[in-house]
2 protein chains.
Amino acid sequence: MTRGNSTINIGLMGLGTVGGGVAASLLDNAEAIKQKTGRMVRLKRALVRDLSRPRDPSLPTELLTTNPEDILSDPDLDIVVEMMGGDSPAGEYLERAIAAGKHVVTANKEVMSRRGPSLLALAQERRVNLLFEASAGGGIPIVGCLMSQLLANDISSIRSIINGTTNYILTRMAREQTPFADALAEAQAHGYAEADPTNDIEGIDAAYKLSVLGSLAFHRPIPHHLVYTEGISRLAPEDFRYAAELGYAIKSLAIAVAEPDGAVRARVHPALVPDNHLLANVDGVYNAIEVTGDLCGQIILHGQGAGRDATTSAVMGDVLGIVRALANSDGPPPLPDTPGMAQDGGLDVLAHPIDELSSAYYMRLTCADQAGVLAQIAQILGDGNISIATVIQKDTDPGSGTAQLVITTYPSREADVQSALRAVSELGVVVSVNNLIRIEE
Amino acid sequence: MTRGNSTINIGLMGLGTVGGGVAASLLDNAEAIKQKTGRMVRLKRALVRDLSRPRDPSLPTELLTTNPEDILSDPDLDIVVEMMGGDSPAGEYLERAIAAGKHVVTANKEVMSRRGPSLLALAQERRVNLLFEASAGGGIPIVGCLMSQLLANDISSIRSIINGTTNYILTRMAREQTPFADALAEAQAHGYAEADPTNDIEGIDAAYKLSVLGSLAFHRPIPHHLVYTEGISRLAPEDFRYAAELGYAIKSLAIAVAEPDGAVRARVHPALVPDNHLLANVDGVYNAIEVTGDLCGQIILHGQGAGRDATTSAVMGDVLGIVRALANSDGPPPLPDTPGMAQDGGLDVLAHPIDELSSAYYMRLTCADQAGVLAQIAQILGDGNISIATVIQKDTDPGSGTAQLVITTYPSREADVQSALRAVSELGVVVSVNNLIRIEE
C-alpha cells in the first residue's frame with residue numbers, strides 16, 4: 001500500500017465504453033487530479049477481454065492484460081476499479097481485491113444489489129473503501145447523498161426514474177404518439193437500448209438500482225428479487241393521450257416506501273404522474289430521484305443516468321475521494337463508510353409488495369358502444385369497494401361498435417382492483433381490459 | 001479528544017430556530033445516530049444569549065450557558081456546531097474551536113464566504129474537519145456534492161435559485177400579479193422575510209451562498225464583494241405577464257460561470273428563464289441548483305433551501321459524518337477534506353463581472369403611443385450593435401397617450417445595451433425605461 005507522497009496505482013477491470021472513459025480521465029487529468037487531491041495517480045494495468053480490439057483511448061499495450069491475476073495479485077495497486085458489469089466474475093474479483101486490502105470502486109448495480117451487504121462487511125473488516133456511486137443514477141450523485149449528506153434523515157420514500165432506456169421510449173410515445181415497438185426500435189437505433197432490451201423494458205435494471213438505493217435509504221438489504229416489477233410494453237399511445245387529458249404524464253417509476261409498520265415496499269412499474277410534478281418533466285435519457293425525509297423534506301436530483309461521461313463522473317468522484325483520503329493520511333488507510341446496506345435492521349422487506357398496495361388507478365377498457373355498459377362496470381367496481389373518480393368515453397368506432405372507456409379511481413386496495421377487473425373482463429359488453437396503471441400523486 | 005467506544009461530546013453555539021432543531025435532533029435521536037454511526041453522541045453544552053427565554057425543545061438548564069468559554073475552553077468537546085450566524089463573533093469562535101483541535105460544523109454562509117479559505121487552511125493544519133453543508137442551499141446536499149461526488153468534473157457553470165424569500169415573492173408576483181410591495185409584506189407576514197428584508201431582496205444573501213458554492217466549484221476563493229448583485233424591487237406584475245407571453249418565467253438567479261480565459265464571472269440578478277426549464281418551475285420557498293460539468297453534464301438539485309428542519313438535515317449530516325469517521329478510527333482523528341475553496345488556483349475572479357457580459361435582454365419601456373416611436377428606438381439599438389429578437393406593444397393607455405413597449409434582443413454586450421438604453425431614455429417619445437432583465441436560455 002502506497003503512502004506519503006508517492007503515486008497512487010490504479011488497476012482497471014473492464015475497458016468497454018465506460019471503462020474507456022475512466023481510463024481516459026485517469027490518463028488525461030493526472031495533473032488536475034493532483035491539484036484536487038494532493039496526489040498523483042497512475043493507471044498501471046487494465047484488464048481486457050481481447051488485446052487486439054482497437055480502443056479509444058488507445059492505451060500503451062504494456063498496460064493491457066487479459067489475465068485478472070495481473071491486477072488481483074499485484075501488491076503495488078492501491079485501488080481497483082471494476083467496470084466489467086454482470087454478477088460473475090466481477091463479484092469474485094471485487095471480493096478478492098477487497099480481501100487483498102485494496103480499495104475498490106465499482107459501477108456494478110448487479111453485484112452491489114446481489115452481494116453488497118457481504119462485500120461491504122468484508123471491506124469494513126479489511127478497513128478499505130468500497131464505493132459505488134455509479135451503480136445507481138449514473139452521473140446523479142444520489143448514492144453519496146444517501147450515505148452522507150442525507151444520513152441524518154429518517155427516509156420515508158424514494159420515487160425515481162432510473163432507467164434511461166425506458167424513459168426515452170416513454171418520452172417518444174408521449175410526444176409523437178409512437179407505438180411501443182417503434183419507439184423501442186428507435187431507441188435501439190440510437191444505441192439507447194440493447195439488442196435484447198428485456199432488462200431495461202421489464203424493469204429489471206431499475207430493480208437492481210432501486211435495491212441499491214433502497215438499502216442505503218432504509219438501512220437494510222433490499223434484495224432485488226423482492227422488488228415487484230412490471231414492464232412498459234403494454235402501454236399504448238392512447239394511454240399517453242388520455243393521461244394527458246387528465247393532467248398526467250406516464251413514467252416508469254422505481255419506488256420504495258417505508259410502510260407505517262416499518263416494512264419496505266419496493267416496486268418498479270409504469271405510473272401516472274401529475275403534469276406539474278418535476279418527475280413528470282424528466283425527459284429522454286435523463287433520470288431523476290426524489291427522496292423524502294423527515295428533516296430534508298422532498299429533495300429531487302436530476303441528471304444523466306447513464307452514458308460514458310456521466311458514469312465516469314461518478315466513478316472518478318469515488319476514485320478521487322479515496323486518493324484524497326490516502327493523501328491526507330499518514331497513518332492507516334482511510335476508513336470505510338458504513339452504509340446502511342451492510343447493516344440489517346431486522347425489519348421486513350415485503351415479499352409480495354403489490355397486493356396490499358393502496359393506490360389510485362387508471363384503467364382503459366374496450367367496450368361495446370351501447371347504453372348501460374358503464375352501469376355494469378360501475379356496479380362491479382362498487383361491489384369491490386372501489387370508488388370511481390373520473391370516467392371518459394373516447395374514440396367510438398362505428399365499424400366495430402366499440403369505444404374506449406377510461407376510468408380513474410380513488411385510492412383502493414390493489415388486490416380488490418385486480419379482482420374487480422377480472423370480473424369486469426368477463427362481462428359480455430367488455431371486449432378487453434387494455435391497461436391498468438397506478439397513479440402516483 | 002474522545003476515542004474508542006466512548007460518547008462523542010458536542011457543543012452547540014446558538015439556539016435560535018435552527019439551532020433548536022439541531023439540539024432536538026441530538027437529544028431525540030441518540031439511539032438512531034448510534035445505529036447509523038457506531039457511536040453515541042451527547043449534547044454537552046449550548047451557548048445562548050438569554051438563559052430565561054423559553055425554548056423548544058426545553059433543554060435541561062445545566063446544558064445552557066451564556067459564556068462562550070464554557071464551550072471553547074472545554075477539552076471534553078469533540079465537535080462544535082456553530083449556529084449563531086453573522087460574521088462576528090461567530091467567525092472568531094470557529095477559529096478558536098479549530099485551533100483547539102475540535103471538529104467544527106457551521107451553517108454560516110457569511111463566515112464561510114468571508115473567512116472560508118483561512119478557516120479551512122487552519123483546519124487542514126490542525127487536522128480537523130470543518131464542514132458547512134448548510135451554508136448554501138439549506139437542505140439541498142449541494143456543498144458535499146461539489147466537494148466529493150462531482151469533484152472529478154471541470155465545472156463550467158452554476159445557475160441557481162438560492163434565496164427562498166425572493167423566490168416566494170417572485171412566485172406570488174407571477175401567479176397572482178401581486179405588486180412587489182404587497183408580495184414582500186405577505187412574505188413578512190408568513191415569516192419568510194425579515195423586518196429588514198434588504199439582504200434577501202437585494203441579492204446579498206444569495207451572493208454569500210454563491211461565493212461558497214463558486215469557490216468549491218471553481219477551486220479558488222470567490223469573494224462575495226466581487227459578486228455583482230441586483231435586487232428584485234424594480235420588477236412589476238406586468239413584467240411577469242409579458243415574460244409569460246414570451247414563454248419565460250422571471251427568477252432571481254445566482255450564476256457563476258467560468259469564462260473561456262479561466263476567469264470566473266459571478267452575479268445575482270433577476271432573469272428570464274424559459275418556461276420548460278426546470279429552474280423556471282422552482283416555486284415558493286424551494287431552491288434549486290444547476291451544475292454543468294464536463295463529465296456529469298447538467299445536474300439539478302431541488303429542495304428546501306431554508307427552514308428549521310431542512311437546515312437541521314444538512315447540519316446533522318455533517319455531524320454524523322464526523323461521528324462516523326471518529327467511530328471508524330482507532331488512530332489519529334479523521335482527516336479534513338480539501339475543498340477547492342482553500343486552494344488558490346491563481347486565476348482571476350472578475351471584479352466588474354457585468355460590463356462585458358454577453359446576454360440576451362428583455363427591456364420594457366413606456367412610450368408615446370404614436371407612429372415612428374419604434375423606428376427611433378430600433379435605430380439607437382442598431383447603432384449599438386444590438387439585434388432585436390421580438391417586439392410587443394401592449395397596454396395602450398388612451399388617457400396618457402402611452403403604451404408599453406417590450407423588446408427582447410439577441411445576445412449583446414451588456415455595456416452596449418446599458419449605453420443604448422441611456423440614449424433611448426433621452427428620446428422625447430420615451431416616457432420611461434422601466435426595466436432591463438437578462439435572459440438566461
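Trainee: What makes strand S2 (residues 41-47) of chain B and S3(B) a pair?

Mentor: Two bridges join them, and the strands run parallel. Strands pair if DSSP finds at least two bridges between them, so these two qualify. For one spot along the pairing, look at B:Leu47, which stands opposite B:Thr65 in S3(B). A strand here is a DSSP run of E with at least two residues, a helix is a run of H or I with at least four, and both are numbered from the N terminus.

Mentor: Some housekeeping before you go on. This is a predicted model, in which local features need pLDDT of at least 70 and side-chain atom pairs count only at pLDDT 80 or more, while totals for chains, interfaces and linings use all residues. Residues are numbered from 1 along each chain as its sequence is written, chains are lettered from A and ligands numbered from 1 in the order in which they are written, and side-chain values use heavy atoms, leaving out hydrogens and water.

Trainee: Why are strand S3 (64-65) and strand S6 (130-131) of chain A said to stand at the edges?

Mentor: The order in chain A is S3-S2-S1-S4-S5-S6, an open sheet of six strands with parallel pairing. S3(A) and S6(A) each have a single partner strand, so one side of each lacks a neighbour in the sheet. Further in, four bridges join S4(A) to strand S5 (residues 103-106) of chain A, and A:Val80 has A:Val104 as its bridge partner in S5(A).

Trainee: What makes A:Lys44 and A:Asp74 a salt bridge?

Mentor: The rule wants a side-chain nitrogen of Lys or Arg within 4 Å of a carboxyl oxygen of Asp or Glu. For A:Lys44 and A:Asp74 the N to O distance is 2.6 Å, so the pair passes. The two residues are 30 apart, with A:Lys44 in strand S2 (residues 41-47) and A:Asp74 in the loop between helix H3 (69-72) and strand S4 (79-82) of chain A. Over all chains the count is 50.

Trainee: How do you know what area is buried between chain A and chain B?

Mentor: Buried area is the accessible area (1.4 Å probe) lost when the two parts are put together, summed over both. Here that comes to about 4000 Å², with carbon and sulfur atoms giving 51%. On chain A's side, A:Lys36, A:Gln149 and A:Arg324 lose the most, together 17% of what that side buries. Each chain puts 51 residues into the contact, meaning heavy atoms within 4.5 Å.

Trainee: What joins S12(A) to strand S12 (residues 297-304) of chain B?

Mentor: Three bridges, with the strands antiparallel. A:Leu301 stands opposite B:Leu301 there.

Trainee: How do you know how far to trust chain A's pLDDT?

Mentor: pLDDT is the predictor's confidence in each residue, from 0 to 100. Chain A averages 92, and 94% of its residues score at least 70. Residues 331-336 of chain A fall below 50, though this stretch has 21 contacts in the model beyond near neighbours in sequence. Where pLDDT is low, predicted coordinates should not be read in detail. For the complex, the predictor gives an ipTM of 0.93 and a pTM of 0.94.
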